[in-house]
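Open the model in your viewer and keep the selection tool at hand. Each stop below says what to select and what is there.

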Amino acid sequence: MSNEKVQIFDTTLRDGEQVPGCKLNTEQKLVIAERLDLLGVDVIEAGFPISSPGDFKSVEQIAKVVKNATVCGLTRAVKKDIEVAAEALKGAVKPRIHTGIGTSDSHIKFKFNSTREQIIERAVEAVKYAKTFVEDVEFYAEDAGRTDNAFLAQVCEAVIKAGATVLNIPDTTGYCLPEEYGAKIKYLRNNVKNIDKAILSCHCHNDLGLATANSISGVINGARQIECTINGIGERAGNTSLEEVVMILRQHPTLNLDTNINSKLLYSTSKMVSESMGMPVQPNKAIVGANAFAHSSGIHQDGVIKNRETYEIIDPADVGVTESAIVLTARSGRAALAYRAKKVGYELTKLQLDVVYQEFLRFADIKKEVLDDDIHQIIEVCKLKEVKIA
Ligand code: KIV
Ligand code: ZN
């Protein structure tokens with residue numbers, strides 16, 4: 001059975017760039033947009049054009065250079081926002097307007113001082129207006145995660161009727177549990193009459209560390225687009241991480257779902273975004289963190305040296321990482337030391353290894369990590385008679 005495609009909607013340049021201190025200039029955004037296009041994302045959310053002249057310019061320029069992906073601009077359900085977004089997207093081969101409004105009772109009451117009926121009217125009006133500029137209109141029901149499912153279904157039905165082609169169901173506050181979010185998607189599939197005319201999209205925030213799990217639960221239950229960012233950056237605790245959802249789908253073929261992403265570019269893209277935003281990636285970050293393929297305990301190292309698959313479920317080459325790392329610390333065993341010594345040029349006999357290992361332990365107890373240069377030094381201190389050069 002061939003895998004069904006899940007569209008990857010990248011919002012690094014919009015939700016991701018909202019992070020304090022991560023602001024990018026137009027030049028930097030263009031470079032990232034071109035890289036995202038090369039990576040194979042289906043949609044690039046390039047910005048929120050009405051928010052500032054700089055953002056308008058970035059969306060306008062990205063729209064002109066991106067060759068394959070759909071280029072999308074965010075708006076509120078406000079006519080002026082939609083006009084400005086349409087203007088910024090004019091040069092795009094495949095433009096999309098992403099408009100929407102809060103649908104939870106909390107948003108309706110406190111943000112809009114409005115009613116459910118009025119919210120549906122505004123939503124429909126915004127979609128119809130966006131449709132006068134572009135064919136591809138995505139609607140977001142902000143705070144859908146905390147929106148009553150029956151009302152959400154009414155909103156979805158109305159905006160599809162107005163012409164929305166994609167329905168974004170954001171868990172804006174990162175509140176949902178995976179079962180709950182999946183059930184919401186399933187409920188919409190079963191209760192929105194015209195749902196076959198639109199794609200459901202997951203947009204999950206990571207306030208409880210569940211953004212990736214929720215997005216996967218969403219696609220298992222019928223959503224066919226995931227909104228995500230490189231390195232999972234985004235408002236507060238961030239958004240769903242692109243590299244995680246892509247690799248989860250790829251590593252679990254029984255789900256029969258896949259994306260168009262060239263996973264070999266994941267690591268370099270992560271580095272590029274992290275460097276241009278000045279936002280370091282946590283070392284233990286799944287897929288792209290510095291330790292994602294590094295092994296430091298003796299038991300694990302011994303296993304990986306014998307066969308990589310004992311402790312690795314992903315081949316590092318599949319995400320563009322050259323090789324697994326065997327890190328030498330005081331927790332490392334002889335196998336790891338022999339392996340690294342060989343890499344820097346020494347073929348140690350069993351007896352020599354016993355001697356070097358004792359010296360290594362003394363050294364490693366003082367130093368956090370033993371590097372290649374240290375290995376030379378340790379072997380020299382041991383004054384071994386004949387060391388075979390590997
Ligand atoms: O999290 C959210 O609800 C959003 C919308 C504006 C799409 O980012
Ligand atoms: Zn968001």
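The tour goes from the whole chain to the ligand, and then to single residues.

**Ground rules**

This is a predicted model, in which local features need pLDDT of at least 70, side-chain atom pairs count only at pLDDT 80 or more, and totals for chains, interfaces and linings use all residues. Residues are numbered from 1 along each chain as its sequence is written, chains are lettered from A and ligands numbered from 1 in the order in which they are written, and side-chain values use heavy atoms, with hydrogens and water left out.

**Stop 1: the whole chain**

Show the chain as a cartoon. The C-alpha trace spans about 85 × 40 × 40 Å along its principal axes. Of the 390 residues, 54% count as buried (buried means under 20% relative accessible area, exposed over 50%, partly exposed in between, with a 1.4 Å probe and protein chains only).

**Stop 2: ligand 1**

Which residues surround ligand 1? Select R14, D15, H98, Y140, E142, N168, P170, T172, H203 and H205; a residue is near a molecule if one of its heavy atoms lies within 4 Å of it. By class, this shell has two nonpolar, five polar and three charged residues. For these classes, Ala, Val, Leu, Ile, Met, Phe, Trp, Tyr, Cys and Pro count as nonpolar, Asp, Glu, Lys and Arg as charged, and the others, Gly among them, as polar. Colour β6 (136-142) and β7 (166-171): each supplies at least two residues of the shell.

Oxygen atoms of ligand 1 lie 2.9 Å from a polar side-chain atom of R14, 2.7 Å from one of T172 and 3.0 Å from one of H205. The protein covers 93% of the 260 Å² of accessible area that ligand 1 has on its own (areas come from the Shrake-Rupley method with a 1.4 Å probe).

**Stop 3: D143**

Select D143, in the loop between β6 and α6 (149-162). Is D143 buried or exposed? D143 counts as buried because its relative accessible area is 0%. Its phi is near 65°, a positive value in a residue other than glycine. Most residues other than glycine have a negative phi.

**Stop 4: K383**

Go to the loop between α14 (372-381) and β14 (388-389) and select K383. K383 also has a positive phi, of about 45°, although it is not a glycine. With a relative accessible area of 71%, K383 is exposed.

**Stop 5: two serines**

Select S58 in helix α2 (residues 53-65). Its relative accessibility is 2%, so S58 counts as buried. A polar contact of 3.0 Å joins the side chains of S58 and T26 (a pair of N or O atoms within 3.5 Å; within protein, one must be able to donate a hydrogen and the other to accept it, and residues adjacent in sequence count only if both atoms are side-chain atoms).

Next, select S263, in the loop between β10 (257-258) and α10 (266-277). S263 counts as buried, at 8% relative accessibility. A polar atom of its side chain lies 2.6 Å from the backbone oxygen of D318.

**Stop 6: I248**

Finish in helix α9 (residues 242-251), where I248 lies. I248 is partly exposed, with a relative accessible area of 27%. Its C-alpha atom is separated by 8.2 Å from that of I216, which is 32 residues apart along the chain.

Terms used:
Helix = DSSP H or I, 4+ residues; strand = E, 2+ residues; numbered from the N terminus.
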